[in-house]
Amino acid sequence: MDNLAQQSADPWEFNLLNHAFRTFRPALIFCLCVVMATYAFAVPLQGGSPSEIENLLKKGDELFKAAKFREAVEKYKEVLARDANNDHATGYIAYSFSKLGDRAQARQWMHKRAELPGQNPSVKAQALTDIALLCWDEAHMSLAARLVGGKTLKPEEVAGIERLLDEGIQSAQQATPIAPHSVKGLNVLNLLYRARAEGEADVSQQKAHLAKADEAMRQAIKLFEATPNAPTNDLFAVPTMLVSSTVDTNSSFASGQPIKAVPLMSADPNDKAMAAIEVFVGLDGKVKFLRAIVGESKKVAPALSAARQWEFQPSTFEGHTVQVTQVLTFGGDATTQSPAAGRPMTPVNETLDGKVIDHIERGDQLLRAGKVDEALGEFKAASQAAGKPVYTALLRIGGVYMQKEDYRAAADAYRQASTLYPQDPASQYNLAEALYAAGEYKQAEAAYRKTLDLSPGRVNSQAHHFLGLSLYNQKRLDEAIAEYRIAIDQARSDYSEARYNLGIALLASGKLQAAESEFRMAIQQEKHDWPEAHFNLATTLEHQHRSREAADEYETYLRQSPNATDAAATRKRIEQLRSPK
């Protein structure tokens, strides 16, 4: 990283020039006058016509779009030679240096942009937020690389990280009052404080930084949730938690359990290479962005490919769904791996013969092409080639059978996989899903419970929901109701399916008002036609002797499902409810 102080004149050179000026002052003054007079005729005064500046900006923009960032910088500097306070040129010089990986220069130019005379407040806030984000990213990556590799940073490296984070915090704190409704500004401030806590050895200081991070996070969540159709295309404009392995993050934070974990295959049994991949998991539990933190080139590409396919339960902070960043470590020696920033998960890494890997990769290609049966054949051939059950192949086989709706066969494949790696919650969850779909409710209950036992402290709203369904189908209503409520709480109350099924269980238990409330909430949250929910709400209202309201809901049911098999009976029921007693 370039040191900004190095860009000023060296003190030794400055003193030498000063001494020369005093000694030869008369001659120097005469020469200087001649030079200035000559320069005045050779170079025009600063300034340029609007059309000239516009053309230079256009050329700079074209170079920037063509990824010729160094050339773009020079063109934008030509603009500044004519218009020193040109915001566009100053900003795009900063962006160009950021693209070139020169973060020190990028931050320097962003500071210049923020301090331009008469700068628009929103632009100033944006520049300050960009500085804060660059500071966080550089410091965070340094900390993450240290934690993954188990390395101890040198004192000067620690000091450099702290200076970066302090600069970022200061910039974010300046941006927040200017743009108090910026979710991104508050979210970046939250991340900066979390990184500060991550590198802090003093426990009391850790807690102080985390308290500030939590407050910024709460404000970001409040603004984000109050904004209809809040944009999620900007990675940092969504409230984000840093899942930590070295700091007690927050008892109100629950990191989402992986529900799809793709293992890494290796053809070399002696391959101890490791790759650590940071994943940003969105509000829907899917990977939005990922990047390698450390790793040898031969391991990074397959690790990125595997990590990209992972899916998680949504994570929550104080009951609100949030985005998270965490680390997956692939390969290496699991007994010596150090934790990475983000309570790392070490996926199953399976050493396989090259022929076995070929079968699995061909199966994946066939599956993407929609050739399900041929893909299944390749996955089965992988285990035959290995001469033993292959965990990776069994997961694929289970997935194919689920797609074919052969749930018993899927359960058999997942059961074999979970036997090979009994501590893997993802394969256990898949087994539970297959057993439930097959109608094996008692066995599904056991598998869902084991999934929850293997992932304590993580969000498992789907597992709790389907555990509730498994219990309901065994006529254990009170237990089912309890699990539905846990699922809804973990999904920060926004889980229409769980609310609908809770309503069914409450109706069956005779708790009519509570059932009505859940059906209404389910309909409100779904925002799509849901005839079954209206029918059950109508039934609940009818049991409460609210005939007119019940008739209205039955009519909604028929409008949304005009070809229902019970349409005639429902119309007759509506007539009875509307007829005078």
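Where is Leu-153 found? I began with this residue and located Leu-153 in the loop between α7 (121-149) and α8 (155-178). I note at the outset that the model is predicted.

**Entry 1: Leu-153**

I looked up the distance from Leu-153 to Leu-143, which is ten residues away along the chain. Their C-alpha atoms are separated by 8.7 Å. I then listed the contacts of Leu-153, leaving out residues up to four places away in sequence. Leu-153 touches Arg-146, Val-158 and Ile-161.

**Entry 2: the chain as a whole**

I next turned to the overall figures. The secondary structure comprises 24 helices and eleven strands. The chain has 581 residues, and 49% of them count as buried.

**Entry 3: helices α4 and α5**

I recalled that two packed helices are described by the angle between their axes and the distance between the axes. For helix α4 (residues 69-82) and helix α5 (residues 87-99), I noted an angle of about 160° and axes 9 Å apart. Angles over 145 degrees count as roughly antiparallel, and α4 and α5 are therefore roughly antiparallel to each other. Their crossing is left-handed.

I then recorded which residues make this contact. From α4 they are Phe-69, Ala-72, Val-73, Tyr-76, Lys-77, Val-79 and Leu-80. From α5 they are His-88, Ala-89, Thr-90, Tyr-92, Ile-93, Ser-96, Phe-97 and Lys-99.

**Entry 4: helices α12 and α14**

I examined a second pair, helix α12 (residues 354-368) and helix α14 (residues 391-403). Their axes come within 11 Å and cross at roughly 20°. Angles under 35 degrees count as roughly parallel, and α12 and α14 are therefore roughly parallel to each other. I also noted that α12 passes α14 in a left-handed crossing.

On the α12 side, the contact is made by Ile-360, Asp-364 and Leu-367. On the α14 side, I listed Thr-392, Ala-393, Arg-396, Val-400 and Gln-403. By class, the contact of α12 with α14 has four nonpolar, two polar and two charged residues.

**Entry 5: Asn-460**

Is Asn-460 buried or exposed? I found its relative accessibility to be 1%. Buried means under 20% relative accessible area, so Asn-460 counts as buried. Asn-460 has its place in the loop between β11 (458-459) and α18 (461-472). Leaving aside residues up to four places away in sequence, I listed its contacts as Gln-257, Gln-313, Leu-452, Ser-455 and Gln-490.

**Entry 6: positive phi values**

Asn-229 has a positive phi of about 50°, although it is not a glycine. I placed Asn-229 in the loop between α10 (203-226) and β1 (240-242). The relative accessible area of Asn-229 is 77%. Exposed means over 50%, so Asn-229 is exposed.

Lys-475 is a residue other than glycine, and its phi is positive, near 65°. I found Lys-475 in the loop between α18 and α19 (477-490). At 72% relative accessibility, Lys-475 counts as exposed.

Conventions. Residues numbered from 1 in each chain as written. Predicted model: local features only at pLDDT ≥ 70, side-chain atom pairs only at ≥ 80, totals over all residues. Heavy atoms only, no water. Helix = DSSP H or I, 4+ residues; strand = E, 2+ residues; numbered from the N terminus. Buried < 20%, exposed > 50% of the residue type's maximum accessible area, 1.4 Å probe, protein only. Axes fitted to C-alpha atoms, helices over the stretch in contact; angles between N-to-C directions. Parallel < 35°, antiparallel > 145°, perpendicular 65-115°, else oblique. Left-handed = near helix turned anticlockwise from the far one by under 90°. Contact = heavy atoms within 4.5 Å. Nonpolar A, V, L, I, M, F, W, Y, C, P; charged D, E, K, R; others polar.
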